[in-house]
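Here is a friendly briefing to read with the structure open beside you. Take a look at the chain first, and then work through the notes.

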Amino acid sequence: MFEITVDEKYCKGCHLCISECKQTVLTVSDKRGKTGSFLPIASKAENCIGCLRCEKICPDLAIMVKEVANR
């Protein structure tokens, strides 16, 4: 399993991470960031395969993917 974190301080809401995710893990939330745009959220985190595409494409280094132990 993987945990996806979006840092609201740095995310400008470009949604590149959403378009890059082939597993449709990320979607647009109803929460606004500091720029007023809607932030991404990992609404289907259970689909994450840990490819890190979202993390790598983020121009602001605002997204982090880390592996967590199964419970």
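Predicted model: local features only at pLDDT ≥ 70, side-chain atom pairs only at ≥ 80, totals over all residues.

Residues are numbered from 1 along each chain as its sequence is written, and side-chain values use heavy atoms, with hydrogens and water left out.

**Overall fold**

- The chain has two helices and four strands, where helices (H or I, at least four residues) and strands (E, at least two) are DSSP runs numbered from the N terminus.
- The C-alpha trace spans about 35 × 20 × 20 Å along its principal axes.
- Contact here means heavy atoms within 4.5 Å. Among contacts between residues at least 6 apart in sequence, 55% join residues at least 24 apart.

**Surface and core**

- Of the 71 residues, 30% count as buried. Buried means under 20% relative accessible area, exposed means over 50%, and partly exposed lies in between (1.4 Å probe, protein chains only).
- In soluble globular proteins, nonpolar side chains tend to be buried together.
- The largest nonpolar core has 16 residues, and those with the most contacts inside it are Ile-4, Cys-17, Leu-26, Cys-48, Cys-54, Ile-63 and Val-65. Such a core is a set of buried Ala, Val, Leu, Ile, Met, Phe, Trp, Tyr and Cys residues joined through side-chain atoms within 4.5 Å.
- At least two residues of this core come from each of β1 (2-6), α1 (16-20) and β4 (63-67). The largest share, three residues, is supplied by β1.
- Cys-54 is in contact with Cys-17, Leu-26, Ile-63 and Val-65, leaving aside its neighbours within four places in sequence.

**Salt bridges**

- Side chains of opposite charge can pair when their charged atoms come close.
- The chain has four salt bridges, each being a side-chain nitrogen of Lys or Arg within 4 Å of a carboxyl oxygen of Asp or Glu.
- One of them joins Lys-31 and Glu-8, at 2.7 Å from N to O. Lys-31 sits in strand β2 (residues 26-32) and Glu-8 in the loop between β1 and α1, 23 residues apart. Lys-31 is partly exposed at 42% relative accessibility, and Glu-8 is partly exposed at 36%.
- Another pairs Asp-60 with Lys-12, with the closest N and O atoms 3.5 Å apart. Asp-60 belongs to the loop between α2 and β4 and Lys-12 to the loop between β1 and α1, 48 residues apart. Asp-60 is partly exposed at 25%, as is Lys-12 at 40%.
- Glu-20 and Arg-53 also form a salt bridge, at 2.7 Å from N to O. Glu-20 lies in helix α1 and Arg-53 in helix α2, so this pair ties together parts that are 33 residues apart in sequence.

**A closer look at Arg-53**

- Arg-53 is in helix α2, which covers residues 53-57, and is partly exposed at 33% relative accessibility.
- Not counting residues up to four places away in sequence, Arg-53 touches Glu-20 and Lys-22.
- The C-alpha atoms of Arg-53 and Cys-21 are separated by 6.6 Å, although these residues are 32 apart along the chain.

**Two backbone angles to check**

- Most residues other than glycine have a negative phi.
- His-15 has a positive phi of about 65° although it is not a glycine. His-15 lies in the loop between β1 and α1 and is partly exposed at 23%.
- Leu-61, also not a glycine, has a positive phi of about 55°. Leu-61 lies in the loop between α2 and β4 and is exposed, with a relative accessible area of 72%.
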